[in-house]
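We will go stop by stop.

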Amino acid sequence: MDRRKFVRNTSIASAGIVSGMAHGNVLTGYKDVIIGHNSHQYKIDLKWGALNSNFHPVNDCHEMVQDSQGRILLLTNHTKNNVIVYDKSGKLLEVWGTDYPGAHGLTLHVENGEDVLYIADNNRHEVIKTTIKGQVLQVFPYPKESGKYKTKESYVPTETAIAPNGDVYIADGYGEQYIMHYSSKGELLNVFGGRGEEDHLFNNAHGICLDTRDGANPTLLITARQQNKLKRFSLSGEYLSSIDLPGAYICRPVIHGKDIYLATIWSGDGSEGTGFISILNEKNELVSAPGGCTPVYEEGVLSPMYQTLKVFHHPHDVCVDEDENVYVAQWNSGKTYPIKLYRV
Amino acid sequence: MSAKFPFILCCCILVSSCNQKEVKIGYAASKLFELATPQLKIDSLLFNKTAKLEAVFIMEGAEIRYTKDGSEVSTDAMLYENPLVVTDASEFRFRVFHPEYIKSKEVYTRLLKVKEDVSTAKVRLAPQADKNYKGDGPQALVDLKKGTTQFRAGNHWLGFQGKQVRVSLEFEKETAISKLIVSALNDHGSWIFLPTAIRVFGDGKAEIGSVSIPLPTEVEVKDVALLDVPVPTGLYKSIEIHIDLMEAIPEWHQGQGTAPFTFIDEILVE
């Protein structure tokens with residue numbers, strides 16, 4: 001029997017073969033698509049940043065940041081050009097980096113007026129600090145001194161966050177789920193988190209950032225992706241609270257103005273080919289889900305989220321520029337370049 | 001002055017059109033995008049009297065339609081408005097439509113009414129389930145509690161690797177059987193694949209039924225598959241089920257060559 005027919009006939013809940021995100025061009029009835037809800041709605045440029053893959057290939061497009069010059073930096077785990085630098089229109093400016101096979105997390109920090117980058121490499125099992133041009137400044141190797149790891153391989157850092165005083169927090173999102181707290185000089189000051197379902201523990205601590213929206217009281221926001229939660233911790237590692245986002249397998253939180261943006265790599269029951277973008281307001285409520293269903297709160301609880309339109313294929317990170325436009329990097333999407341969303 | 005005017009006008013149009021070209025952005029059209037499938041909420045895939053089936057898709061302008069007769073869901077199919085109460089074993093197909101987007105794929109669901117309660121049968125497994133996926137033990141295979149595609153939720157799923165798993169069911173009394181249904185998880189993203197074949201042996205160890213499952217050729221949507229094995233209708237005191245497992249992940253998958261898992265949550269008897 002034909003396999004597809006067989007599965008269709010036998011399945012309890014199937015939906016055919018996973019399709020790509022875009023389909024044949026239909027010019028009749030042309031209308032620009034607008035995705036998102038409430039205050040955050042967007043038109044889509046699918047071709048932003050597309051390059052000749054023979055010269056500038058990508059594998060997974062993992063993360064993106066905007067530097068002080070307004071340029072958009074993309075981190076990919078293709079070692080021909082780990083960092084691809086664009087202007088906001090998607091024009092290629094420069095590329096660098098051939099030493100980051102597991103390039104995953106990209107965090108930009110301004111130190112003494114200079115942009116520096118922190119690259120979490122989950123293949124090298126360490127975090128590398130570089131100049132904006134790619135010159136290596138410092139390496140945060142696997143934290144043997146923490147006593148939490150028997151081997152280097154069990155430490156798989158995914159993201160870095162930098163505190164106002166220069167302290168560095170590293171999330172071991174694909175390893176043992178600990179958060180490492182270093183001084184700017186690389187001295188290990190504290191370890192918290194770890195694997196588990198309790199409030200202060202993580203199942204896939206994939207992303208971390210400084211929430212500086214309350215300027216007098218900065219805190220850490222850390223993703224517990226498999227738990228569909230964003231967890232807030234003090235800078236000293238005490239668990240404070242959680243934001244529940246059922247059905248949203250969120251990647252790192254990105255603070256922009258009063259809002260939190262999160263690429264959501266899977267959604268619903270976590271099926272292949274799903275995902276959308278989550279946008280939370282200053283009250284940490286989901287106000288817009290481009291590519292996802294309309295967010296509904298019942299008695300203060302968010303109803304489970306899911307994908308409604310196949311725009312994205314596993315979004316992995318977002319970068320928001322000063323025009324409120326959003327750049328979306330995607331994982332395992334068929335080596336596609338980022339998508340740009342124009343706010344309307 | 002008048003002779004120069006057309007020239008200046010042309011220059012203005014040229015400059016204007018060049019500027020427009022520089023800032024022109026190719027926004028994607030709505031007709032390019034396909035709707036996702038509706039979310040199904042089912043209180044019990046296995047039920048004694050009734051089950052409630054709910055289809056959800058919160059998107060302005062979208063409508064859900066469905067069929068109950070196995071036919072394709074078209075724009076003429078029944079409009080879903082309220083949760084459905086199911087009283088008999090049924091198959092449903094759902095699909096989402098929206099005037100601006102490509103219709104969704106169909107989502108299919110099959111609800112089973114419990115015909116024979118064999119939850120008291122003694123279950124033996126060889127080999128035992130993988131230590132990380134033992135579920136609630138061998139008896140979970142006849143407890144009439146179904147797992148979902150979220151296999152980590154609950155203890156319904158038993159995971160196996162290797163060549164074959166043999167499940168023997170010893171009933172309290174002779175039981176009339178015409179069909180066995182093996183419920184298995186198909187989740188390629190988690191490296192979980194369906195078995196390749198199932199053979200059923202009766203009391204006398206003679207083979208009484210079998211089914212072969214075609215190998216997948218591409219990534220399929222995650223689902224729970226009900227694998228029917230018809231057997232000659234008769235009374236059986238015990239049966240043994242040989243479930244052949246896929247030994248290596250196919251070459252089109254990122255895990256090619258490595259051993260996949262097979263997950264089973266229930267064996268039903270009709």
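Which residues does Thr75(B) touch, not counting residues up to four places away in sequence? Select Thr75(B) and look around it: the partners are Arg65(B) and Phe97(B). Keep in mind that you are looking at a predicted model.

**Stop 1: around Thr75(B)**

Thr75(B) sits in a loop of chain B, between strand E4 (63–67) and strand E5 (78–79). Twelve residues of sequence separate Glu63(B) from Thr75(B), and their C-alpha atoms are 9.6 Å apart in space.

**Stop 2: the two domains of chain B**

Next, zoom in on where they meet. Here four residues of domain 1 of chain B contact eight residues of domain 2 of chain B. How much area is buried between the two domains of chain B? The value is about 500 Å², and carbon and sulfur atoms give 75% of it. Select Leu46(B), Arg110(B) and Leu112(B). On the domain 1 side, these residues lose the most area to domain 2 of chain B, and together they make up 83% of what that side buries.

**Stop 3: a charged pair across the interface**

Stay at the interface and show side chains. The rule finds one salt bridge between domain 1 and domain 2 of chain B. Select Arg110(B) and Asp228(B): they form a salt bridge, with the closest N and O atoms 3.3 Å apart. Side chains can pair in this way because opposite charges may come close together. On the side of domain 1 of chain B that touches domain 2, three residues are nonpolar, none is polar and one is charged.

**Stop 4: over to chain A**

Colour chain A by pLDDT. Its mean is 92, and 92% of its residues reach 70 or more. Then select residues 13–28 of chain A. Over this stretch the pLDDT is below 50, yet beyond near neighbours in sequence the stretch has 47 contacts in the model.

**Stop 5: a salt bridge in chain A**

How many salt bridges does the rule count over all chains? The count comes to 30. For one in chain A, select Asp244(A) and Lys229(A), whose closest N and O atoms are 2.4 Å apart. This pair links distant parts of the chain: Asp244(A) belongs to strand E18 (residues 239–244), Lys229(A) to strand E17 (residues 229–233), and the two are 15 residues apart.

Conventions
Residues numbered from 1 in each chain as written. Chains lettered and ligands numbered in written order. Predicted model: local features only at pLDDT ≥ 70, side-chain atom pairs only at ≥ 80, totals over all residues. Heavy atoms only, no water. Contact = heavy atoms within 4.5 Å. Buried area = accessible area lost by both parts, 1.4 Å probe. Salt bridge = Lys/Arg side-chain N within 4 Å of Asp/Glu carboxyl O. Nonpolar A, V, L, I, M, F, W, Y, C, P; charged D, E, K, R; others polar. pLDDT = per-residue confidence, 0-100. Helix = DSSP H or I, 4+ residues; strand = E, 2+ residues; numbered from the N terminus.
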